[in-house]
Amino acid sequence: MLLKGCQLARGKGEPAEKLLKRATHLALQGKGIERISNLHLCSQLRVLYLYDNRIRSLEGLGGVSAQLTHLYLQNNDIGGLNGLPVPAQCFFEHQHPPPDTYFKDGAFMGILTHFMELW
């Protein structure tokens with residue numbers, strides 16, 4: 001699935017692992033994804049499009065969440081952030097439950113206003 005979302009041309013004889021390692025953007029929107037996995041293979045990942053899927057948990061983002069600059073998660077069923085660092089530009093539009101439920105512990109209060117504007 002990751003290779004299909006990679007927007008880079010694969011060099012002749014280039015192993016899949018090498019291609020994923022140099023990918024900075026992954027377009028995985030609308031693929032029916034329920035669980036995030038194997039993103040650790042994308043060590044240069046900066047922008048991740050995961051909107052319009054069936055994702056319920058962000059557990060699989062742990063390995064790349066701190067390096068992301070943009071994360072698009074709208075139209076999923078995410079139940080919480082589970083203590084993950086949030087990228088500078090993170091989009092949660094049309095989430096159920098609404099984004100304000102993610103911030104009850106106060107960990108992300110500094111960006112609460114940004115999320116609520118998107119909601």
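Q: How many aromatic pairs does a search of the whole structure find?
A: The search finds 2. Rings of Phe, Tyr and Trp (its six-membered ring) pair if their centres lie within 6.5 Å; planes under 30 degrees apart count as stacked, over 60 as edge-to-face and the rest as tilted.

Q: What kind of model is this?
A: This is a predicted model, where local features need pLDDT of at least 70 and side-chain atom pairs count only at pLDDT 80 or more, while totals for chains, interfaces and linings use all residues. Residues are numbered from 1 along each chain as its sequence is written, and side-chain values use heavy atoms, with hydrogens and water left out.

Q: OK, how do Y49 and Y51 pair?
A: Y49 and Y51 are edge-to-face, at 6.4 Å centre to centre and 85 degrees between the planes.

Q: And why is the pair of Y49 and Y72 stacked?
A: Their planes are at 10 degrees, with the ring centres 4.8 Å apart, so the pair counts as stacked. Y49 is in strand β2 (residues 47-49) and Y72 in strand β3 (residues 70-72), so this pair ties together parts 23 residues apart in sequence. Strands here are DSSP runs (E, at least two residues), and helices are too (H or I, at least four), numbered from the N terminus.

Q: Is Y72 buried or exposed?
A: Y72 is buried, at 18% relative accessibility. Buried means under 20% relative accessible area, exposed over 50%, partly exposed in between (1.4 Å probe, protein chains only). Y49 is partly exposed at 23%.
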